[in-house]
Amino acid sequence: MWAYESVFYQIYPLGLCGAPRVNNGVLASRISKINSWIPHIQKLGANAIYFSPVFESDSHGYDTRDYRLIDRRLGSNDDFAAVCSHLHKNGIRVVLDGVFNHVGRGFWAFEDVRRNKWDSPYKDWFHIHFDGNSNYNDGFWYEGWEGHFELVKLNLQNPAVVQHLFDCIRSWVDAFDIDGLRLDVAYCLPPEFLHQLRTFCDSLKPDFLLIGEMLHGDYNQRVGEGMLHSCTNYECYKGLYSSLNSMNLFEITHSLLRQFGPENWTLYKGKHLLSFVDNHDVTRAASILTNPKHLPLLYGMLFGMPGIPCVYYGSEWGIQGRKEDGDDALRPAIDIPIENELTAWIATLANAHKNSKALCYGDFKQLVLTNRQCIWERIADDERVLVAINADDQPYTAHFDARAGRATDLITGQMHDFGGGSELPPYSVAFWKTEC
């Protein structure tokens with residue numbers, strides 16, 4: 001699967017492109033701005049884009065009105081097709097947000113139900129009871145997503161609903177040549193629907209990627225043979241920043257051992273989860289870390305741990321944004337990308353990751369672990385990479401059986417000699433490559 005050797009870049013188009021918060025019905029070709037970002041994305045080392053919602057919606061994109069139309073605040077279907085073509089010509093794959101658990105109140109089929117009530121041919125597309133009423137005084141009760149009644153839950157047990165969604169996915173492949181989907185709130189989607197979806201998408205395009213949004217629980221329930229290829233690794237998202245803020249690298253290391261370690265009971269060995277330090281729903285990495293000097297280390301761990309790394313637009317140059325300040329603070333309009341030392345650092349890590357079998361596919365083992373330092377071993381085939389982190393403001397000399405005399409740092413290209421101990425400079429990351 002191509003995704004397992006990729007670095008993703010997430011864009012929230014309605015935010016980045018400066019679209020109005022509420023759909024005002026005015027067509028504007030804002031999505032074409034993405035074309036000017038392609039050189040930056042390439043320079044960053046990303047070779048796949050995950051677009052947050054792009055289809056016609058009431059407001060934030062997750063309240064879909066029509067799966068067949070690009071949101072008019074972003075432009076036309078032809079505008080987006082041109083962007084996707086440009087991305088593909090530059091070697092960048094395209095993954096769209098598949099919001100299939102719920103729709104907006106402006107969704108065309110739900111509007112028909114509101115008009116025609118029990119006479120609507122679409123009444124069984126949703127979870128509706130005509131002996132109640134809604135918060136909007138519709139004259140009937142319906143199920144919303146987790147109590148949010150602006151998000152109307154679809155009835156995925158209805159074959160007509162499933163067929164409509166699949167027809168739309170086929171149209172996206174035909175029109176935009178997309179390479180995969182990230183499934184919103186995948187933890188809410190019935191496993192039988194995911195099986196159907198995987199079978200259908202496998203028939204559409206070889207190596208069509210399915211990534212699910214999973215927050216908690218056992219990811220194996222929805223990731224695996226015949227279901228999703230991957231899901232969001234929220235457990236390690238929290239462990240990454242928390243272990244640095246508390247100066248306790250045991251937290252993230254033990255999470256990774258639990259997920260990918262050498263024991264037989266390891267949860268996700270052989271799986272490739274989507275790894276991230278922030279996204280459109282959480283506080284930016286630069287805002288959540290208590291020590292700004294830990295930001296490069298945070299990305300060092302992201303690109304050194306098992307998983308598919310994903311970088312959220314703007315965070316590659318250290319943009320700020322706090323969840324408590326609302327969605328707009330996390331999804332800002334940005335005219336042109338900025339490149340600084342952090343950007344260059346992430347680009348170096350990204351290229352090291354993509355070009356290392358051990359970092360893309362390797363097993364995970366702990367070699368050195370203190371509160372402030374860790375060395376992880378990643379091995380795949382005949383390649384071995386040691387990921388060394390020093391989160392302290394003082395140098396640290398690590399003594400361990402390196403099983404090799406010398407190594408090449410994939411980040412700097414310099415040789416490293418293990419003899420007499422390995423010194424880790426303050427606030428440092430190294431990817432030492434040795435032979436097995």
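A: Angles under 35 degrees count as roughly parallel, over 145 as roughly antiparallel, 65 to 115 as roughly perpendicular and the rest as oblique. The model is predicted, so local features need pLDDT of at least 70 and side-chain atom pairs pLDDT of 80 or more, while totals for chains, interfaces and linings use all residues. Residues are numbered from 1 along each chain as its sequence is written, and side-chain values use heavy atoms, without hydrogens and water.

Q: At roughly what angle do the axes of helix 7 and helix 10 cross?
A: Axes are lines fitted to C-alpha atoms, for helices over the stretch in contact, with angles from 0 to 180 degrees between N-to-C directions. The axes of helix 7 (residues 234-245) and helix 10 (residues 295-304) come within 10 Å and cross at roughly 140°; the two helices are therefore oblique to each other. Contact means heavy atoms within 4.5 Å; here helix 7 contributes Leu240, Tyr241, Ser243 and Leu244, and helix 10 contributes Leu298, Met301 and Leu302.

Q: Is histidine 102 buried or exposed?
A: Buried means under 20% relative accessible area, exposed over 50%, and partly exposed in between (1.4 Å probe, protein chains only). Histidine 102 has 1% relative accessibility, so it counts as buried. Beyond its neighbours within four places in sequence, histidine 102 is in contact with residues including Tyr62, Trp145 and Asp184.

Q: What does the relative accessibility of asparagine 351 make it?
A: Asparagine 351 counts as partly exposed because its value is 34%.

How values were computed: Helix = DSSP H or I, 4+ residues; strand = E, 2+ residues; numbered from the N terminus.
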